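Please read them with the structure open.

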Amino acid sequence: GLHRFKHPNFVTEMASSRKKTPAWLTALYVAGMLITGSINTLSTKLQFQLHSLGKDGEEETFRKPWFGTFNMLFAMALVLLVERLVTACTASCCGAAPQMMAESSKEGLLPKPGEEKGRKRKIA
């Protein structure tokens with residue numbers, strides 16, 4: 001959370017110093033989300049309306065594999081749990097959480113322990 005930062009305006013200062021995303025790029029992202037979302041919805045609907053020949057030679061409609069779907073959901077939840085545990089153990093062991101990387105630079109967005117990045121004066 002934000003309570004870890006000694007400087008209360010650190011996050012807002014970092015956000016205000018970044019460049020704004022161009023409007024055309026935002027519009028492209030929104031259009032891409034709408035197009036791919038629509039394709040996903042339509043292909044799912046078509047999939048649920050498919051008919052095929054079963055093992056016995058009779059026509060059957062598609063039935064969603066609920067067990068397989070549940071297994072994927074459970075596996076993704078486990079991966080999230082493992083990621084949270086590894087991050088917590090890394091932070092407690094090494095004294096700091098992994099650094100987030102800036103989009104266009106190789107320096108971290110969060111200051112390294114003991115570093116006074118971007119501050120004009122030290123706040124006690």
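1. Confidence first. This is a predicted model. Within the protein chain, helix α2 (residues 23–48) has the highest confidence, with a mean of 92. Helix α1 (residues 10–17) has the lowest, at a mean of 56. The chain average is a pLDDT of 76, and 61% of the residues score at least 70. Where pLDDT is low, the predicted coordinates should not be read in detail.

2. Layout. The protein chain has three helices and two strands. Read from the N terminus, the order is α-α-β-β-α.

3. The protein chain has 124 residues, and 6% of them are buried. Its accessible surface is about 11400 Å². Carbon and sulfur atoms account for 65% of that surface. For contacts between residues at least 6 apart in sequence, 24% join residues at least 24 apart.

4. The nonpolar patch. Which residues form a nonpolar patch on the surface? They are Phe70, Leu73, Phe74, Leu78, Leu81 and Leu85. Together they have about 610 Å² of accessible area. Leu85 belongs to helix α3, which spans residues 66–94. Its relative accessible area is 48%, so Leu85 is classed as partly exposed.

5. The aromatic pair. One aromatic pair turns up in a search of the whole structure. Phe70 and Phe74 make this pair, and the arrangement is stacked. The centres are 6.1 Å apart, with 20° between the planes. Both residues sit in helix α3, four residues apart, or about one turn of the helix.

6. The salt bridge. Side chains of opposite charge can pair when their charged atoms come close. How many salt bridges are counted here? The count is one. The partners are Arg84 and Glu83, at 3.8 Å from N to O. Arg84 has 57% relative accessibility, so this residue counts as exposed. Glu83 has a relative accessible area of 39%, so this residue is partly exposed.

7. A point to keep in view.

Key. Residues numbered from 1 in each chain as written. Predicted model: local features only at pLDDT ≥ 70, side-chain atom pairs only at ≥ 80, totals over all residues. Heavy atoms only, no water. Patch = residues over 30% accessible without salt bridge, like charges linked within 9 Å, V, L, I, M, F, W, Y side chains within 5 Å. Areas by Shrake-Rupley, 256 points an atom, 1.4 Å probe, with all protein chains shown as cover. Salt bridge = Lys/Arg side-chain N within 4 Å of Asp/Glu carboxyl O. Buried < 20%, exposed > 50% of the residue type's maximum accessible area, 1.4 Å probe, protein only. pLDDT = per-residue confidence, 0-100. Contact = heavy atoms within 4.5 Å. Phe/Tyr/Trp six-rings, centres within 6.5 Å; stacked < 30°, edge-to-face > 60°.
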